[in-house]
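Let's take a walk through this structure and look at a few of its side-chain contacts. Have a look at the sequence and the model first.

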Amino acid sequence: MLEARFPRIPGDMGNAGTWPFPVLYKVVSGASPQRVVRERAAGLLDAFTADRVAPSARDAGQQLTALVHPGFVSETGVSAMEHIARYVSGIEIRLSKLREKPERDRELMTRVNRLEERYAEVLARPEAASARWLLQELRVSLFAQQLGTVGSVSEHRVVAELSRVSAPT
């Protein structure tokens, strides 16, 4: 809601009495009528949309931290290292499209997160590395298709790989 000091008459969306149900308002600091109308809300979009995109932005940040952190070069290994830049580009593309369809992003994120929870159960096994990189490829295929993937990837393939890794030997 705008940060304004004019009266909100019945029928105005900013008057809680307008609605037949309880209403929670969030006033965006600095969103004056002048700034929104005449200055086209310069610099305010983040404050208005933050709640809608925050879970996806947090997920992208966690993905980036899992990929690039102190010691990631030796942890990643030579064979996967060449793909890190593509995965990071995928994060960038995802975030650039986030405001267009945040609900779609959340739906895809939820699907990936379920698979990552299964991956967390087998993380300690040496053979789990293949599932880690397959999950990254899946993220590229879902959020940044234009980058392409290494090989064919799908949720079904990730599930199959996680089942293989978690099978008793």
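Phe21 sits in the segment before helix H1 (33-38); helices here are DSSP runs (H or I, at least four residues; strands are E, at least two), numbered from the N terminus. Before going on, a word on the source: this is a predicted model, where local features need pLDDT of at least 70 and side-chain atom pairs count only at pLDDT 80 or more, while totals for chains, interfaces and linings use all residues. Residues are numbered from 1 along each chain as its sequence is written, and side-chain values use heavy atoms, with hydrogens and water left out.

Back to Phe21: it is partly exposed, with a relative accessible area of 45% (buried means under 20%, exposed over 50%, partly exposed in between, with a 1.4 Å probe and protein chains only). Together with Met13, Trp19 and Val23, Phe21 makes a nonpolar surface patch of about 390 Å². Such a patch takes residues with over 30% relative accessible area and no salt bridge, joining nonpolar side chains (Val, Leu, Ile, Met, Phe, Trp, Tyr) within 5 Å and like charges within 9 Å. The areas come from the Shrake-Rupley method with a 1.4 Å probe, and for residues only the protein chains shown count as cover.

Asn15 also lies in the segment before H1, and at 17% relative accessibility Asn15 counts as buried. Its side chain reaches the backbone nitrogen of Gly17 at 2.7 Å, a polar contact (N or O atoms within 3.5 Å; within protein, one able to donate a hydrogen and the other to accept it, and residues adjacent in sequence count only if both atoms are side-chain atoms).

## Rings

How many aromatic pairs does the structure hold? There is one: Tyr87 and Trp133 are stacked, at 6.0 Å centre to centre and with 10° between the planes. This pair links distant parts of the chain, since Tyr87 is in helix H5 (residues 84-97) and Trp133 in helix H7 (residues 129-143), 46 residues apart. Rings of Phe, Tyr and Trp (its six-membered ring) pair if their centres lie within 6.5 Å; planes under 30 degrees apart are stacked, over 60 edge-to-face, and the rest tilted. Both Tyr87 and Trp133 are buried.

## Salt bridges

A search of the whole structure turns up eleven salt bridges, each a side-chain nitrogen of Lys or Arg within 4 Å of a carboxyl oxygen of Asp or Glu. Here are some of them:

| Pair | N to O distance |
|---|---|
| Arg139 and Asp59 | 2.9 Å |
| Glu107 and Arg111 | 3.3 Å |
| Arg139 and Glu116 | 3.1 Å |

Arg139 lies in helix H7 and Asp59 in helix H2 (residues 45-67), so their bridge ties together parts that are 80 residues apart in sequence. Arg139 and Asp59 are both buried.

Glu107 and Arg111 are four residues apart in helix H6 (residues 102-122), so about one helical turn separates them. Glu107 is partly exposed at 39% relative accessible area, and Arg111 is partly exposed at 23%.

What about the bridge from Arg139 to Glu116? Its closest N and O atoms are 3.1 Å apart, and the pair links distant parts of the chain, with Arg139 in helix H7 and Glu116 in helix H6, 23 residues apart. Salt bridges that share partners join Asp59, Arg94, Asp105, Glu116 and Arg139 into one network.
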